[in-house]
Amino acid sequence: MRRVLLAALLLAGCAPKLPKEGTGYAFLVDRSGSMSPAAKEAAVRRTLYEVDGLPDGARVTVFRIGARTEEIFSGEVGEFELADLATTLRRHVSRPARHTNLPRAFAAAASWCARSPGEKRLRFLTDGMNDALDAASVKRMRDAAAAITKARPKEILFHGVRAGYREPLRTLLPSATFR
């Protein structure tokens, strides 16, 4: 019965908007002390610029990176105002964290990839400095990087990573692009 009704609505040109398994974008924005206020603002602006260019229906999830990594925003393009995202981003990113724990950021990205349907694209906006370098943290980071790779995201992009920090990240995620 439901299919018949949907077919009739399609033929009449007034079909309801159906949920899509569109592309998902995860933005992981660094707010650590190693990021200058200008670098944090650049990361916020870059995130907003990219989200503004996404098609309606694209799924957006934003995480803040620091000593902890937390999801601060989730929504579908076309169903939220960019100004609301900007306010949320600035509020969360302006509060500095003591350090960056990239293993936790990688674990959050791997978890997001595992639970997100459809095509996935990751955006890390960070200087790449990682203060969690004990043996257990390095193992967690390697394991999370392997989980990210296994999820086969369409794209892994790093913005703003300092030159000396690119190679270790490239070793963990060989398919990543750096800008």
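Modeller: Let's start with a term: a polar contact is a pair of N or O atoms within 3.5 Å, where, within protein, one must be able to donate a hydrogen and the other to accept it. Keep in mind that this is a predicted model.

Colleague: Happy to. Which atoms make such a contact at the start of H4?

Modeller: There, a side-chain oxygen of Asn101 comes within 3.1 Å of the backbone nitrogen of Arg104.

Colleague: And how do I read the span of helix H4?

Modeller: The expected span is 1.5 Å times one less than the number of residues. H4 covers residues 102-115, 14 residues in total, and its end-to-end C-alpha distance of 20 Å is close to the 20 Å expected.

Colleague: Which residues of H4 are buried?

Modeller: An α-helix has 3.6 residues a turn, so residues three or four places apart point the same way. In H4, the buried residues include Leu102, Ala105, Ala109, Trp112 and Cys113. For the chain as a whole, 46% of the 179 residues count as buried.

Colleague: What about Glu79: buried or exposed?

Modeller: The cut-off for exposed is over 50% relative accessible area. Glu79 has 57% relative accessibility, so this residue counts as exposed. Glu79 sits in the loop that links strand E3 (69-76) to helix H3 (82-94).

Colleague: How many helices and strands does the chain have, and in what order do they run?

Modeller: There are 6 helices and 6 strands, and from the N terminus the order is α-β-α-β-β-α-α-β-α-β-α-β.

Conventions: Residues are numbered from 1 along each chain as its sequence is written. This is a predicted model: local features need pLDDT of at least 70, side-chain atom pairs count only at pLDDT 80 or more; totals for chains, interfaces and linings use all residues. Side-chain values use heavy atoms; hydrogens and water are left out. Helices (H or I, at least four residues) and strands (E, at least two) are DSSP runs, numbered from the N terminus. Buried means under 20% relative accessible area, exposed over 50%, partly exposed in between (1.4 Å probe, protein chains only).
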